[in-house]
Amino acid sequence: MTDEREITLTVNGTEHTIEVEPRRLLVHAIREDLDLTGTHIGCDTGNCGACTVLRDGEPIKSCMMFATQADGSEILTVEGMEDLPEAGGDLHPLQEGFREEHGLQCGYCTPGMLMSGKAILDENPDPDEAEIREGISGNLCRCTGYQNIVSSIEYAADKLDEKAAADGGVVAESGESDTGAEPDTDANTDAARDSAAAFDCGVENCCGGPAADSTYEHIEGPDDRFDDLNGELDRDTTEETDE
Amino acid sequence: MKAAQFEHHEPTTVDKAVSLLESLDSPTILAGGQSLVPMLRFRLARPDTVVDINGIDSLDYLREEDGYLKMGALARHADIEESDLIAEKYGSFADAAPLVADPQIRNRGTIVGSIAQADPKGDWGSVLIAHDGEVVARGPDGERTIPADELFLLPYDTSLGENELITEARVPIPNEREGSAYHKLKRKTGDYAMAGVGARLRFDDEGRIEEAGIGMTAVDITNARASDAEDRLEGERPSAELFEDAGELAAEQSNPESDEHGDASYKERMVDVLTQRALGDAAERAGVVKRRVTP
Ligand SMILES: Cc1cc2nc3c(=O)[nH]c(=O)nc-3n(C[C@H](O)[C@H](O)[C@H](O)COP(=O)(O)OP(=O)(O)OC[C@H]3O[C@@H](n4cnc5c(N)ncnc54)[C@H](O)[C@@H]3O)c2cc1C
Ligand code: FES
Ligand code: FES
């Protein structure tokens, strides 16, 4: 039974038509059929996020989906980052952030982290630390301890914000290539200096896991909200409800 | 490992899906694939055919209708997480959604797929139990509803027939004196629960608990109901002592196993604590108690 199916994937703006078996995973189609090996395979079970790509703008784990299921969709992989309008023909601000803020060591998780980072910033250009940690909570890194990855994404958020300001308050939209807002060298130097200062990794969540609550949640007391209320509750439960 | 060979079908209507399920050899339904794809790859499942329901647009909904919150078989975890309706009225759903797996998985995985998977560590089964919910199943003989209590038989085993497709999960719309919450203890973000508790409380005009629902995650062979605790609560006014009793009863009724994350007695204690917290939030959301503000 070799029931090959023809599917069309638009990957990083280029349309490809390939033949795949139904059991072929999207990650294998991307890496092997299209030779785009920037998307990594780590765990193969949905845990590590190394295979994260954007499918129609949404981050998914490409080892958890069959290629046939992606027929007709638009995929963005790490190889497409430099061609995005906000990259201005150079490294994408997220990639620049990972370089400036030491967001990688071995780099294995980095493509997935970049895609999750992109999804975070697409949804919210000004995320706080907790939102970034939540956004990358499906991506494991065994080298860096997450703090620098968070800083890298923060760096990109700032960079994109600067660019938007330079463009007159409008974020460069896809379609028009934005060469007018190249990152200027002063900003780069500043960022490099900042990142050197921020490199002291004394942060409590470092190496603990990707997200803010990545240790056992503190279980101290069951619930203290009734401690003082008991007498009161019996008296005026209904009043409280009615107000 | 690659999945074994299978035929892939993509019906676009429920009728077509049901007739495919009936006519094909050893079919399996594929929804979000966030449990099934790895199972196929480890060859824990070896179906000859996969009936992919992602093309059935009519199953993609999340709405209130005929007295129920109805969640179609293509409602993703992320849809629940992002819904204003859920945020406003369904506390336990709003609590649970962001605690299921991670953002990428929530974009694909469905609440119905999760319930059909019947993993005792799945969060949605407990929420369904707490809300006295049910699933609607379509098979060759037509449609039937299966209450949450009759659905989960064993780990990964439900009372669903082989050729039945769950079209939706649903729970009654809460009234204005009702509140619910879900609390989960996990090792780190994205993990399955070590223990989880969903609670729902409905109050009468006098502030007494008219109806209580408590579902427990990861502390028995299936998602389980804490019925002794529910019985203790009904007819009573909320108080710390009452909720402590309920927590203890839930813990007694749970059956956790010791594993690398903790021994059974620890997990029982956590069921107790999580139950009290979930009940506190449920009562607060029903507008019956207020959180104590420490001066
Ligand atoms: C890393 C990781 C972490 C996770 N963490 C959590 C967690 O913390 N909490 C949690 O609850 N879950 C967790 N999950 C599971 C996740 O929520 C899945 O999305 C869910 O279990 C399955 O939903 P699905 O739509 O992907 O179903 P699928 O994988 O497509 O299907 C699962 C099973 O249900 C059957 N099925 C699916 N839809 C139907 C239907 N409509 N009718 C009948 N049968 C059907 C399938 O045949 C299959 O047997 C995790 C998964 C991963 C990979
Ligand atoms: S390879 Fe896909 S999540 Fe690890
Ligand atoms: S940089 Fe090595 S795994 Fe993240």
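This is a predicted model: local features need pLDDT of at least 70, side-chain atom pairs count only at pLDDT 80 or more; totals for chains, interfaces and linings use all residues.
Visitor: Which residue has a side-chain N or O atom 3.0 Å from a nitrogen atom of ligand 1?
Guide: A polar contact is a pair of N or O atoms within 3.5 Å, and a nitrogen atom of ligand 1 lies 3.0 Å from an N or O atom of a side chain. The residue that carries this side chain is B:Y192.

Visitor: How much of the area that ligand 1 exposes when taken alone does the protein bury?
Guide: Ligand 1 lies between chains A and B, and one of its oxygen atoms is 2.9 Å from an N or O atom in the side chain of B:K184. Taken alone, ligand 1 exposes 970 Å², of which the protein buries 93%.

Visitor: Which element gives the largest share of the shell around ligand 1?
Guide: In chain B, the elements that give two or more residues to this shell are β2 (27-30), α7 (111-117) and β10 (165-172). The largest share, five residues, comes from α7(B).

Visitor: Is B:L153 buried, partly exposed or exposed?
Guide: B:L153 lies in strand β8 (residues 152-154) of chain B, and together with B:L154 and B:I221 it makes a nonpolar surface patch of about 270 Å². Because its relative accessible area is 45%, and buried means under 20% while exposed means over 50%, B:L153 is partly exposed.

How values were computed: Residues are numbered from 1 along each chain as its sequence is written. Chains are lettered from A and ligands numbered from 1 in the order in which they are written. Side-chain values use heavy atoms; hydrogens and water are left out. Patches are made of residues with over 30% relative accessible area and no salt bridge: like charges are joined within 9 Å, nonpolar side chains (Val, Leu, Ile, Met, Phe, Trp, Tyr) within 5 Å. Accessible areas come from the Shrake-Rupley method with a 1.4 Å probe; for residues, only the protein chains shown count as cover. A salt bridge is a side-chain nitrogen of Lys or Arg within 4 Å of a carboxyl oxygen of Asp or Glu. Helices (H or I, at least four residues) and strands (E, at least two) are DSSP runs, numbered from the N terminus. Buried means under 20% relative accessible area, exposed over 50%, partly exposed in between (1.4 Å probe, protein chains only). A residue is near a molecule or strand if one of its heavy atoms lies within 4 Å of it. A polar contact is a pair of N or O atoms within 3.5 Å; within protein, one must be able to donate a hydrogen and the other to accept it, and residues adjacent in sequence count only if both atoms are side-chain atoms.
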